[in-house]
Amino acid sequence: MAASEENNALFPIFILTIMALALVPYTITKLCRAASKETKSIHCKCSDCSRSGKYRRSLFKRISNFSTCSNLTIVLLWVVMMVLVYYIKTQSAENQVFDPFHILGLEPGAPDSEIKKAYRRLSILYHPDKNPDPEANKYFVEKIAKAYQALTDPVSRENYEKYGHPDGRQGFEMGIALPQFLLDTQKNGGILLLGIVGVCILLPLVIAVVYLSRSAKYTGNYVMHQTLYTYYHSMKPSLAPSKVMDVFIKAAEYTEIPVRRTDKEPLQKLFMLVRSELNSDLKKIKQEQAKFSKQHPALVKTELLIQAQLTREPASLSPSLQGDFKHVLELAPRLLEELMKMALVPRNAQGQGWLRPAIGVVELSQCIIQAVPLSARKAIGGSSEGIAPFLQLPHFSEAVIKKIARKKLRVFQELRDMSMQERAELLSQVAGFSPAEVEDVEMVLAGMPSISLDVKCETEGEEGIQEGDVVTVHAWVTLQRDNGLIGALPHAPYFPFRKEENFWFLLADSVSNNVWFWQKVNFMEEAAAITAASKAIEEKMEGSGANMKEISAAIKEAVDKVKSGSRLVTGKLPAPAEGNYNLTCYCLCDSWLGCDRRTNLKVKVLKRTRAGTRGGVTEDGPITEDGIEEEEDVDDEEYDEDYESEYSEDEADEQQDTKQKGPAANGNAHTQGTEGSGSEED
């Protein structure tokens, strides 16, 4: 009987322990992520972003953000745990250790006279002759009488004082943490067997099946494997930036979007609104519309919804399309990231990806986040980026851009380089902005990042680079903003979700269209950046034979750099065949227009000698492009002549310009500031 009571008492404790082992760590992780997300919410406070409402912390929005399935499940499990704790505490009070002094209401070590008085007093209250209540009778027999006997009998009292129990030393008992009804094998043997089979076999099997089915469908970034397969085989080395959209919308996630009968008329109206962005012949609009509609219905719907974002026409969507519109944009950032990786995945024997489609993916991402049409990137005047960077600023429109263009301001970088007073005069007098609108523009410009690059390519422990060497890329990417922040969310009032800035560092040969090395850079995670930089510097210094003092000093310097807004990019790549290589280092932002940075890097690879000796190397090195823009002569039929990437320059002219700028060290490049890629030299 005592063993069964012990088993019943252990079962809630067992359940509570199992729940706590899983629930407590998961809750702590969830809270840490929420706290980290709150610290990252340094966002733009201009009037456009305030009106967008995505940063508004209303009570309803807080409740709706909290009321997710996972959060509600966590709360429910914690309630169950609290109930179990209360139940266990109550049971512990009922099943407490036998203490005769406590039962009689006496202090330990009380004399016999006090024990007899307490017994008589309690007998008057609980004796069956005085109190007919059955519970009182039970308490008198099991507690009071037993306690009195334990204290009045010399042997029982000696056992209690020595061993804590009237019956003397107690043996060790073991129980099973299961309810008593399950242990009755004669009546409930089948239930016990089913429980064991369910917990030990079926439950792990169900978890494994669910996990494997999900992992077979999705990658670690929650993108379908079918999407990666489609992206990989649809990517072409000569894919023009204007054609990246056709590959992007082929994601399996987008093909699963339902196409309802009620969507036909709203989609036709949307087609008429965005037809100028679809490269359609406006003179044959009906034929073009029929041709466009013959494609996969889900792809047609997806492209039209993305064009609605690019042309800032979401208000024209029907209520039924609003949900699909938000779903398309919610998936867009991670799909674009995977599309970027498919462009950079090794495609040749040297493990190099493709440059042109990678640039196209970043440009598409910038346009989607800032809600700027792709046609706005068409080079006009002296700007290779077109009017697109201007359109991301609050209160700017094509009419405003035309007004300031009359003042010979056609390049976005020139606007950024102006002083605040000069900008205020220009915007107020020429564009007709109010003081509040000028303040909004200044606020956004102060939050725009300026990138500088310091890149080295070398063979560790050797002078020069010989073919077949393992070349180490060592680059510091530094970010600065006029408002002094390092990590912040971009100004994106037309994108309905929070989006962090991501930068892509590419080391590429723009002539051969090959990307030698790439890495994603993020300025939000300072702790992770410090850890990565410290580890890389330590490995490099140890490999060079430095002592502990030198290693510590180098690590401290790297940590200070990271805290001041720099990120270390390191990697290794095999040296190609002998020759001179004119490489370009790109740092591309996926959220801002006009903030990308690039610099030239010349690398000379020597022929490997039999003795392994190294010859001296002198070569042209760092060249900062001032934005000399030439149209690239492209014979590819896929390249759209109406839309040209800001990086599609004549490489021959670029190389000639590089030679004119003088010699520097092999494999080194250093640039500062933000690239003014739109200006032309006279």
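Which residue in β8 does Phe-503 stand opposite? Phe-503 stands opposite Cys-589 in β8. Strands, like helices, are DSSP runs numbered from the N terminus (strands E, at least two residues; helices H or I, at least four).

This is a predicted model, in which local features need pLDDT of at least 70 and side-chain atom pairs count only at pLDDT 80 or more, while totals for chains, interfaces and linings use all residues. Residues are numbered from 1 along each chain as its sequence is written, and side-chain values use heavy atoms, with hydrogens and water left out.

**Strand β5 and its partners**

β5 and strand β8 (residues 579-589) pair in the antiparallel sense over 6 bridges; two strands pair if DSSP finds at least two bridges between them. β5 also pairs with β6, again in the antiparallel sense, over 7 bridges. Within that pairing, Phe-517 in β6 is the bridge partner of Leu-507. The hairpin of β5 and β6 has 4 residues between the strands, and Asn-513 takes a positive phi near 65° there.

Because 7 of the 7 residues of β5 are buried, the strand is largely enclosed by the rest of the structure. Buried means under 20% relative accessible area, exposed means over 50%, and partly exposed lies in between (1.4 Å probe, protein chains only). In a regular strand the side chains alternate between the two faces of the sheet. In β5, Phe-503, Phe-505, Leu-507 and Asp-509 point one way, and Trp-504, Leu-506 and Ala-508 point the other way.

**Aromatic rings**

A search of the whole structure finds 12 aromatic pairs. Rings of Phe, Tyr and Trp (its six-membered ring) pair if their centres lie within 6.5 Å; planes under 30 degrees apart count as stacked, over 60 as edge-to-face and the rest as tilted. Two of the pairs are given here.

| Pair | Centre to centre | Angle between planes | Class |
|---|---|---|---|
| Phe-495 and Phe-497 | 6.1 Å | 70° | edge-to-face |
| Trp-504 and Trp-518 | 5.8 Å | 40° | tilted |

Trp-504 lies in strand β5 (residues 503-509) and Trp-518 in strand β6 (residues 514-521), so the pair ties together parts that are 14 residues apart in sequence. Trp-504 is buried at 3% relative accessibility, whereas Trp-518 is partly exposed at 31%. In the other pair, Phe-495 is buried at 1% and Phe-497 is partly exposed at 25%.

One aromatic cluster is formed by Phe-390, Phe-396, Phe-412 and Phe-433.

**An open sheet and a helix across it**

An open sheet is formed by 4 strands in the order β7-β4-β2-β11, with antiparallel pairing. Its edge strands, β7 (566-574) and β11 (668-671), each pair on one side only. Strand β2 (residues 450-458) is joined to β11 by 4 bridges, and Lys-456 has Asn-668 in β11 as its bridge partner. Helix α24 (residues 526-543) lies across β2, β4 (470-480) and β7, and runs at about 45° to β7. Axes are lines fitted to C-alpha atoms, for helices over the stretch in contact, and angles run from 0 to 180 degrees between N-to-C directions. Contact means heavy atoms within 4.5 Å.

**Two crossing helices**

The axes of helix α16 (residues 297-310) and helix α17 (residues 319-344) come within 10 Å and cross at roughly 80°. That makes α16 roughly perpendicular to α17; angles under 35 degrees count as roughly parallel, over 145 as roughly antiparallel, 65 to 115 as roughly perpendicular and the rest as oblique. Residues making the contact include Leu-305 and Ile-306 of α16 and Phe-325 and Val-328 of α17.
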